[in-house]
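This briefing is for a reader meeting the structure for the first time. Please look over the sequence and the model before reading on.

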Amino acid sequence: EQVFFSNLEAAPEALHVSDWFREVSLFKLNAALVADASPGGPSAPPSSASLDALWRRVAAARRKAHGGAAPASYFIAYVSGKSAVRLPGRRAEAWPVPYDVHKFLVPDGTGWRAPLTVACAAQLDAADGPTVLHYCSCGLENWREKYRRLGRFGDRWWGRVPIRIPAHLQSRDVLLAEGGA
């Protein structure tokens, strides 16, 4: 009923980006897509534990370089991917509704329920399966414009769910401090 797609996050190699799709071709791996390493030799993919360990080492080095300040997240946006849901026929009485920006609810006759979800990373070969390419705020000016448009927003999605994306909140705070939001 619902398919979940993991996402890769764009990692621009230049500070100024005008055409995301032409200029950005490097993406950060999502841990959900990385198979556990096996003794498969140098071509075996790194394990998610080894990616986490690498990120911890990088974060520790950044904290040391910045006098103990918290480093940015590995992904600057979400790691939770996106979902697609099956739509019923045109004459259906009720259609699926968004539960949040990543999932849906489907009618069950008496109310709403979470649909059966197939995670592509678990069901398909991660190297060949579908993946969402997330181009979030590529380039300094695009980042500034995004947070200028968002302006002064709260620490909760829709006023109820805590925002757990540190870079999102930090970006808001930086632009507000500069007087740019």
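The model is predicted.

**Strands β1 and β4**

- Strand β1 covers residues 2–5 and pairs with β4 in the antiparallel sense, over four bridges.
- F5 stands opposite K82 in β4.
- Strand β4 runs over residues 82–85, and its side chains alternate.

**The largest pocket**

- The volume of the largest pocket is about 1,000 Å³.
- Its lining is made up of 39 residues, and I76, A77, C136, I165 and A167 lie nearest the centre of the pocket.
- Sorted by class, the lining of the largest pocket holds 24 nonpolar, nine polar and six charged residues.
- Helices α4 (140–150) and α5 (166–178) each supply at least two residues of this lining.
- The most comes from α5, which gives six residues to the lining of the largest pocket.

**Positive phi angles**

- Most residues other than glycine have a negative phi.
- S137 is not a glycine, yet has a positive phi of about 50 degrees.
- S137 sits in the loop between β9 (132–134) and α4.
- S137 counts as buried because its relative accessible area is 13%, and the cut-off for buried is under 20%.
- W158 is not a glycine either, and has a positive phi of about 55 degrees.
- The loop that holds W158 lies between β10 (156–157) and β11 (161–162).

How values were computed:
Residues numbered from 1 in each chain as written. Predicted model: local features only at pLDDT ≥ 70, side-chain atom pairs only at ≥ 80, totals over all residues. Heavy atoms only, no water. Buried < 20%, exposed > 50% of the residue type's maximum accessible area, 1.4 Å probe, protein only. Pairing = 2+ DSSP bridges. 1 Å grid on protein atoms, 1.4 Å probe; cavity = no way out; pocket = protein on both sides within 12 Å on 5 of 7 lines; lining within 4 Å. Points joined across faces, edges and corners; volume = space filled by probe spheres on them. Nonpolar A, V, L, I, M, F, W, Y, C, P; charged D, E, K, R; others polar.
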